[in-house]
Amino acid sequence: MKTAFVLACVAVLTVAGVCQAGDLRKNFYRTSCPAAERIVKNITETRVASNPNLPAKLLRMHFHDCFVRGCDGSVLINSTANSTAERDAIPNLSLTGFDVIDEIKTELENRCAGKVSCADILALATRDAVSVQFNKSIWEVLTGRRDGNVSLASEVLAHIPSPFLNFSSLVQSFKSKGLTVHDLVVLSGAHTIGVGHCNLFSNRLYNFSGKGDQDPSLNSTYAAFLKTKCQSLSDRTTTVEMDPGSSQNFDASYFVILQQQKGLFQSDAALLTDKKSKKIVGELLELTDFLKEFSQSMKRMGAIGVLTGNSGEIRKKCGVINS
């Protein structure tokens with residue numbers, strides 16, 4: 001598995017700077033902060049109990065962090081008077097859950113100051129949040145990431161895959177991070193939880209090819225339903241479930257509805273336009289199969305462009321660079 005991590009690292013070396021994914025390991029904080037993972041888990045589970053939408057929020061934040069400069073916690077950094085940070089780039093304006101990461105960081109700094117990175121907190125909290133419904137961890141998070149000290153809004157659009165992308169563009173985006181077509185399909189399954197804003201797919205309902213038409217690859221009954229929710233191209237506030245009727249339940253139904261041509265985004269529908277990816281979709285219809293593959297793909301994603309050893313820093317506050 002280390003080999004796969006190193007390959008993923010090499011692919012994004014020019015973006016992430018220093019990268020030593022092979023240095024990630026189990027229980028990195030066993031000596032320096034023995035209670036670290038338990039603290040992350042306890043706070044996360046408490047917050048999920050009061051906000052069942054949190055798993056989807058943290059999963060999206062973790063993804064957006066890893067795809068820009070690697071999994072270095074740079075998405076958590078606040079903008080300053082002199083620099084607009086990643087979190088204020090257009091694709092990240094709807095990210096939420098920063099307060100959860102801040103709460104965890106505050107507690108960890110009280111227990112063992114300067115030991116646990118914000119990047120690791122985000123990776124662990126994401127896993128713990130999604131795992132709540134299963135009462136067990138559904139993927140392993142290796143630790144030892146350090147925090148980046150650069151966060152630029154200007155870098156985000158080029159690295160976060162757009163929901164409007166076609167299959168070849170999606171493949172290229174994931175390939176640039178050392179991820180495969182298989183990872184692309186499996187990680188798209190994260191859309192089994194959460195919601196999507198109307199403006200990210202309403203073109204499929206009202207103006208798909210610029211002629212006031214509907215996307216012919218979208219299930220017509222589902223399209224009619226979506227039109228009752230999103231009534232114009234200009235609606236930027238309304239949200240709909242990405243996995244209808246199951247948006248708070250992490251399951252394999254995303255792949256079931258995808259086969260019914262009910263994928264919400266063009267990037268979802270794109271997975272059916274390639275023979276290889278369409279076959280993979282058909283192999284993930286059962287929860288046990290999906291969870292097994294999701295576990296592996298999340299480990300690979302969580303190793304993209306990581307900073308380890310003496311690279312980067314351990315931020316005192318996740319929103320502020322130390323120096």
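**Entry 1: helix H8**

I began with helix H8, residues 181–188, and found that helix H8 is mostly covered, since 7 of its 8 residues are buried. I noted the model as a predicted one before going further. The buried residues that I listed for H8 are Val181, Asp183, Leu184, Val185, Val186, Leu187 and Ser188. I then looked up what these buried residues pack against, and the partners are helix H7 (167–175), helix H11 (253–259), helix H13 (275–282) and H14.

**Entry 2: helices H3 and H6**

Next I turned to helix H3 (residues 36–50) and helix H6 (residues 118–131), whose axes come within 9 Å and cross at roughly 50°. Angles of 65 to 115 degrees would count as roughly perpendicular and angles under 35 degrees as roughly parallel, and H3 and H6 are therefore oblique to each other. I also recorded that the crossing of H3 and H6 is right-handed.

Which residues meet where H3 and H6 are in contact? From H3 I wrote down Glu37, Val40, Lys41, Thr44 and Val48, and these meet Ile121, Leu124, Ala125, Arg127, Asp128 and Ala129 in H6.

**Entry 3: the disulfides**

I then went through the cysteine pairs, taking a disulfide as two cysteine sulfur atoms within 2.5 Å, and by this rule the count comes to 4 disulfides. I followed up some of them here.

One of them joins Cys66 to Cys71, with an S to S distance of 2.0 Å. I noted 120° about the S-S bond, and the link of Cys66 and Cys71 is right-handed. Are these two cysteines buried or exposed? Buried means under 20% relative accessible area, so Cys66 counts as buried at 0%, and Cys71 is buried too, with a relative accessible area of 1%.

A further disulfide joins Cys118 to Cys318, with 2.2 Å from S to S. With -95° about the S-S bond, the link of Cys118 and Cys318 is left-handed. This pair links distant parts of the chain, for I found Cys118 in helix H6 and Cys318 in the segment after helix H14 (287–301), 200 residues apart. Both Cys118 and Cys318 are buried.

I also looked at the disulfide that joins Cys198 to Cys230, where the S to S distance is 2.0 Å. The torsion about the S-S bond of Cys198 and Cys230 is about -70°, so this disulfide is left-handed. Cys198 lies in the loop between strand S1 (195–197) and helix H9 (203–206), and Cys230 lies in the loop between helix H10 (220–229) and strand S2 (239–241), so the pair ties together parts that are 32 residues apart in sequence. Cys198 and Cys230 are buried.

**Entry 4: two asparagines**

Last, I checked the backbone at two asparagines. Asn27, although not a glycine, has a positive phi of about 50°, and I located Asn27 in the loop between helix H2 (13–16) and H3. Asn135, again not a glycine, has a positive phi of about 60°, and the place of Asn135 is in the loop between H6 and H7.

How exposed are they? Asn27 has a relative accessible area of 36%, which means that Asn27 is partly exposed, whereas Asn135, at 71% relative accessibility, counts as exposed.

How values were computed
Residues numbered from 1 in each chain as written. Predicted model: local features only at pLDDT ≥ 70, side-chain atom pairs only at ≥ 80, totals over all residues. Heavy atoms only, no water. Axes fitted to C-alpha atoms, helices over the stretch in contact; angles between N-to-C directions. Helix = DSSP H or I, 4+ residues; strand = E, 2+ residues; numbered from the N terminus. Parallel < 35°, antiparallel > 145°, perpendicular 65-115°, else oblique. Left-handed = near helix turned anticlockwise from the far one by under 90°. Contact = heavy atoms within 4.5 Å. Buried < 20%, exposed > 50% of the residue type's maximum accessible area, 1.4 Å probe, protein only.
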